[in-house]
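This report describes the surroundings of a few selected residues.

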Amino acid sequence: MGRVVVIDHPLVQHKLTIMRDVNTGPKDFRELLEEISMLMAYEITRDLPTEEVEVTTPLARGRFRMLAGKKIGLVPILRAGLGMVNGVLRLIPAARVGHVGLYRDPETHLPVEYYCKLPPDVNEREIIVLDPMLATGGSAVAAIDFLKERGARQIKLMALVAAPEGVRRVQERHADVDIYVAAIDSHLDEHAYIVPGLGDAGDRLYGTK
């Protein structure tokens, strides 16, 4: 079973609380999402392999650790996942970025794919799927399905806020995928929104309704 890691760093929790506030506007919401994504990326990359290299400092030669060149791919789920990309890229600028476009059918609450563009070497990369909200888990499961169908084998999921229902669904369908979140909230309401949550992340990012 994949791990569920709640990143409870004080800075992450502080910024997330501001994002939850109904009075936080799109500009601040976007900036906070990018900042939290960077902080979470620090944790999600903790197990990246390193290797020793020889470096000359101003005083002497020595052997020190650097990343071993493992390829990373970022796959935001459109549209809200886009708000997380720049924060992660600030830490991993060499990562390739793909996109999966999904929308939730308002009647069935099931995800519908409308776009999928991935790096050609997706099978060689560790893929991090990005979506601020893990609600029913339908979009995350569908995105991971698409990735596996196209050859991806190493996948992690990074979300800000999750509902227990969404976490369970991803674990049931993709037990090999580790889930990283900043918070697991109480439940889903009758419209499949996370409670207390932070509302519709896409609308709050872009000022739409």
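The model is predicted: local features need pLDDT of at least 70, side-chain atom pairs count only at pLDDT 80 or more, and totals for chains, interfaces and linings use all residues. Residues are numbered from 1 along each chain as its sequence is written, and side-chain values use heavy atoms, with hydrogens and water left out.

An unreviewed UniProt entry carries a "binding site" annotation whose residues include Arg79, Pro132 and Asp200. UniProt positions are given in the numbering used here, feature names are shortened, and annotations may be inferred rather than shown by experiment.

Relative accessible area is classed as buried (under 20%), exposed (over 50%) or partly exposed (in between), with a 1.4 Å probe and protein chains only.

| Residue | Relative accessible area | Class |
|---|---|---|
| Pro132 | 2% | buried |
| Asp200 | 28% | partly exposed |
| Ser37 | 0% | buried |

Pro132 sits in the loop between β8 (126-130) and β9 (133-134). Helices (H or I, at least four residues) and strands (E, at least two) are DSSP runs, numbered from the N terminus. Beyond neighbours within four places in sequence, Pro132 has contacts (heavy atoms within 4.5 Å) with residues including Leu33, Met84 and Ala201.

Asp200 belongs to the loop between β13 (194-195) and α6 (201-206). A polar atom of the Asp200 side chain lies 3.0 Å from the backbone nitrogen of Gly202.

Ser37 is part of helix α2 (residues 26-44), and its side chain reaches the backbone oxygen of Leu33 at 2.7 Å.

Methods
Polar contact = N/O pair within 3.5 Å; in protein donor to acceptor, adjacent residues only side chain to side chain.
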